Amino acid sequence: MFKIERDRAGARVAYVRMVSGTLRVRDRTAHGVVTAIEAASVGSPAVSHVSAGQIAKLHGLRDVRIGDVIGTTSAAKRTSAEHPAGAAGSSPETDAKGTAGTGRTKQTDSAIGPAGTPGADSSAGTNGSAGADGPERAGDSTGAGDSTRAGDSTAAGDSTQADDSTQADDSTRADDSTQADDSTAAGGSMRAGGAEGYTGELFAPPTVESVVVAVRPEQRRQLHTALSELAEQDPLINLRYDERRGEAVVSLYGEVQKEVLESTLAEQYGIDVVFRGTTVLHVERPAGRGRALEVLGQGDNPYLATLELTVEPGPAGSGVGFELDVPIEQVPIHLFKTEEFFRDALEDTLRRTLAQGLHGWPVIDVRVGVTRTGYVSPATGAGDFRKLLPLVVMSALSRAGTVVCEPVHRFRLDGPVGTLSAVLAVFGRYMESSLIDGPAFVVEGRVPVSRLRSLESAVAGLTHDEGVLEATFDSYRPVPPPYPARERWDDNPLDRREYLLRVERRLRL
């Protein structure tokens, strides 16, 4: 999907480029059922199908976003490299060429890296769950996949204790916080994948963010509505709204995209805005392996659910990987109907939680595995799992530790050979190769995004207004401690007391 627009009724219309196969009206996809197909050219009639090599407009896909793929991605990845415009569209910063009085800079956002990817104790509960003590405990009618003590008011009157009433050996501390012996651990630079708002195989991730403020305070709600609509069309804007501070924050590729967004809001929505500061978007990667467990009815777990999970580094560029590895009797079928729905619900909460790691930055290249769950039927609700999961995830992540990494761009600078010595005095520390070709030189290297803006400003003076600097996202590179931190805007599951107070206060309101 490379473009989203809306029809007269306000429904989404998605532009798709077919790489292979055929898509027909009434076909079911992960984003909905295709209700109508139009050829992409203006005034073209509706058609019954769209085949490989064609571009069409699809109706009926209610939750589709730019960058989404229908079907398998192997062919799309090959074609996106051959036809980047058709496969991925253009981000506002792609091919943006700015001339700042003197010197010229060009920043492109090519597709990079591999695609982001999206055994524990069996509890002696009910629903046929045979725990460590054998099947004779499995007949309790309460249906508890991981039941509490019988005296718990949510249990169904069983006078015996479930075998999980003993204290878990790892409910408050982890034994698995040792450093992972993994070549992808945070000791070197890494390819991008799965960063906040990053679709992985088609787009490079945004590398800066900024607060957007309406010039007229009375337009604050209108601004949020307008930004939400723009974020539907371009998910890499990655809009987040901090309710406590009343601020809208967007992810960006650079200064040119700020200008594009500012003019779009003014012309299409009548809202004048200003951008308040620009912050480099760091990411976090797990430094090792951690495990955490919360048992229903034990310790200070206030929720009617049991969760055990592990967190460990994933391959570079893998994004957030999730696996549900529990027996079927530990799946609350009365709530989620199928194991797949339960898995999807957990993964959705997991991804929202990992948008802020230990230092407030999105966590990437991480594998999370749920190895044990439990519940009491019918008392346990979906909210018990949704509210408990952030506590368990952040507890495991704290034991694993994280390394903060900064985005790095690969650059190419062309200029007259007579200015090379002056250029090397500034760019030399970032240079990896240089070439003199007659009257011109080419210098290439990698530079942290935090330094890129100052280098762009220096090009004009260094090259007598004849140099051209191009920069493209390359990788993430660990930064030395103390790590930069981003202020949290969530309920802060790192602080258990604060998290519980915020969650319960919001429910009462």
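1. A crossing of two helices is called right-handed if the near helix is turned clockwise from the far one by less than a right angle, and left-handed if anticlockwise. In this predicted model, the crossing of H6 and H7 is right-handed. Helix H6 covers residues 339-353 and helix H7 residues 382-400; their axes come within 9 Å and cross at roughly 50 degrees. That angle makes H6 oblique to H7.

2. Which residues bring H6 and H7 together? On the H6 side they are Phe342, Leu346, Thr349, Leu350, Arg352 and Thr353. Their partners in H7 are Phe385, Arg386, Leu389, Pro390, Val393 and Met394.

3. Helix H7 also holds Arg399. This arginine is buried, its relative accessible area being 18%, and the cut-off for burial is under 20%. Arg399 and Gly290 are 109 residues apart in the sequence, yet their C-alpha atoms are 5.0 Å apart in space.

4. The buried residues of H3 are Leu223, Ala226, Leu227, Leu230 and Ala231. Around the axis they cover an arc of only 140 degrees, which puts them on the same side of H3. The elements they pack against are E12, E14, H4 and E15.

5. Gln257, Lys258, Leu261, Thr264 and Leu265 are buried in H4. Seen down the helix axis, the buried residues fall within an arc of 130 degrees, so they line one face of H4. Glu259 and Glu267, on the other side of H4, are exposed.

6. H3 makes the contact through Leu223, Ala226, Leu227, Glu229 and Leu230, while H4 contributes Leu261, Thr264, Leu265 and Tyr269. Among these, Leu223, Ala226, Leu227 and Leu230 are also buried residues of H3, as Leu261, Thr264 and Leu265 are of H4.

7. A further helix pair is formed by H8 (residues 420-427) and H9 (residues 449-462), which pack at an angle of about 160 degrees with their axes 10 Å apart. H8 is therefore roughly antiparallel to H9. H8 passes H9 in a right-handed crossing. In H8, Ala422, Val423, Val426 and Phe427 meet Leu455, Val459 and Leu462 of H9.

8. Most residues other than glycine have a negative phi, and most peptide bonds are trans. Asn238 is not a glycine, but has a positive phi of about 50 degrees. This asparagine sits in the loop between H3 and strand E13 (240-242) and is buried, with a relative accessible area of 18%.

9. Asp465 likewise is not a glycine and has a positive phi, of about 65 degrees. The loop that holds Asp465 lies between H9 and E24. Is this aspartate buried or partly exposed? Asp465 is partly exposed, with a relative accessible area of 37%.

10. Where are cis peptide bonds to be found? One joins Ser377 and Pro378, with an omega of about 5 degrees; Pro378 belongs to the loop between strand E20 (366-375) and H7. Another joins Pro481 and Pro482, with an omega of about -5 degrees. Pro482 lies in the loop between strand E24 (468-478) and helix H10 (496-508).

Methods
Residues are numbered from 1 along each chain as its sequence is written. This is a predicted model: local features need pLDDT of at least 70, side-chain atom pairs count only at pLDDT 80 or more; totals for chains, interfaces and linings use all residues. Side-chain values use heavy atoms; hydrogens and water are left out. Buried means under 20% relative accessible area, exposed over 50%, partly exposed in between (1.4 Å probe, protein chains only). Helices (H or I, at least four residues) and strands (E, at least two) are DSSP runs, numbered from the N terminus. The arc is that of the directions from the helix axis to the C-beta atoms. Axes are lines fitted to C-alpha atoms, for helices over the stretch in contact, and angles run from 0 to 180 degrees between N-to-C directions. Angles under 35 degrees count as roughly parallel, over 145 as roughly antiparallel, 65 to 115 as roughly perpendicular and the rest as oblique. Contact means heavy atoms within 4.5 Å.
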